[in-house]
Amino acid sequence: NGNNGMVELTEMEEGVDAVRAADPDALIVLNFSYHANEIAEMLDYFGASMDADVYSYDRYSVGYSEHETMSTIREYALKWNRPYWRYIRAYHDVPLTEGDQGAKTHESDMRWDALLGLVYGYTGHTWFVYQARAPHKVGSVMYNAQGGLEQGKAALWYSAAAINKELRHLGRAITQLTSTDVRYKASQGFWTPDGVKSWKPGAG
C-alpha cells in the first residue's frame with residue numbers, strides 16, 4: 001500500500017543489521033507484499049545491498065495473477081542467487097459468507113497453490129494458519145473452530161498433511177536444482193496468465 005516502499009525497507013535494514021551483528025549465522029528471511037510501492041526496486045535492493053538470506057512473499061490468491069507475482073519474486077531471487085520462499089493460504093475470513101474465497105476452499109485449491117510453488121522453483125512453503133482466539137476476523141481452514149491448536153481438526157488439516165509429504169519429497173530435488181524457465185500451456189479456450197511465457201515446441 002502507500003506506506004510500504006523503499007523508505008520502510010531501509011528502516012527494516014537497520015533491524016537486519018542488528019540481528020546479523022548479534023548472530024552472524026542467523027537465518028534472516030524478509031517477506032514482501034506484491035502490492036508494495038517500488039516493489040522492483042525493493043527486491044533489487046534486498047539482493048544487492050541487504051545482509052539477509054531469503055526472499056519471501058505472500059499473496060494468498062488462486063487467481064491467474066498469482067503467476068505474475070511468483071514470477072517477479074523468482075526473477076530477483078535468481079538474479080541475486082538467493083533462495084525464495086512463500087506463504088500459502090490456509091485461512092478464511094470471519095464471518096464466512098458465500099462470496100468469501102475461504103468459504104469455497106477445497107483440497108484442489110490447496111494442492112494447486114502449494115505445488116505451483118515447485119513449478120517456479122520455490123524451496124520454502126509455509127501454510128498461513130491464523131488460529132487466534134475467538135472472536136477474530138480470520139480463522140483457519142484446518143480447524144473446526146477459532147482458538148488454539150487443540151481445536152478439532154477439519155478435513156483440510158489432513159489434506160495439508162498429505163500435501164506436506166509431497167512437498168517434502170519433491171522439494172528435496174528442487175533444492176538441488178536451479179529454475180531456468182517457466183512455460184505455460186493453455187488449454188483450448190483459456191488464456192496464458194500474466195507474467196508467464198507460452199510453451200511451444202522447441203522452447204527448451
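**Exercise 1. Determine how E1 and E2 are joined and what connects them.**

Solution. Five bridges link E1 and E2, and the two strands run parallel; strands pair if DSSP finds at least two bridges between them. Helices (H or I, at least four residues) and strands (E, at least two) are DSSP runs, numbered from the N terminus. The model is predicted: local features need pLDDT of at least 70, side-chain atom pairs count only at pLDDT 80 or more, and totals for chains, interfaces and linings use all residues. Residues are numbered from 1 along each chain as its sequence is written, and side-chain values use heavy atoms, leaving out hydrogens and water. Within this pairing, Leu 30 has Tyr 55 of E2 as its bridge partner. Together with H2, E1 and E2 form a right-handed β-α-β unit (with the strands pointing away from the viewer, the path from the first strand over the helix to the second runs clockwise).

**Exercise 2. Identify the other neighbour of E2.**

Solution. Three bridges join E2 to E3 (residues 84–89), again in parallel. Here Tyr 55 stands opposite Tyr 84. E2, H3 and E3 make a right-handed β-α-β unit.
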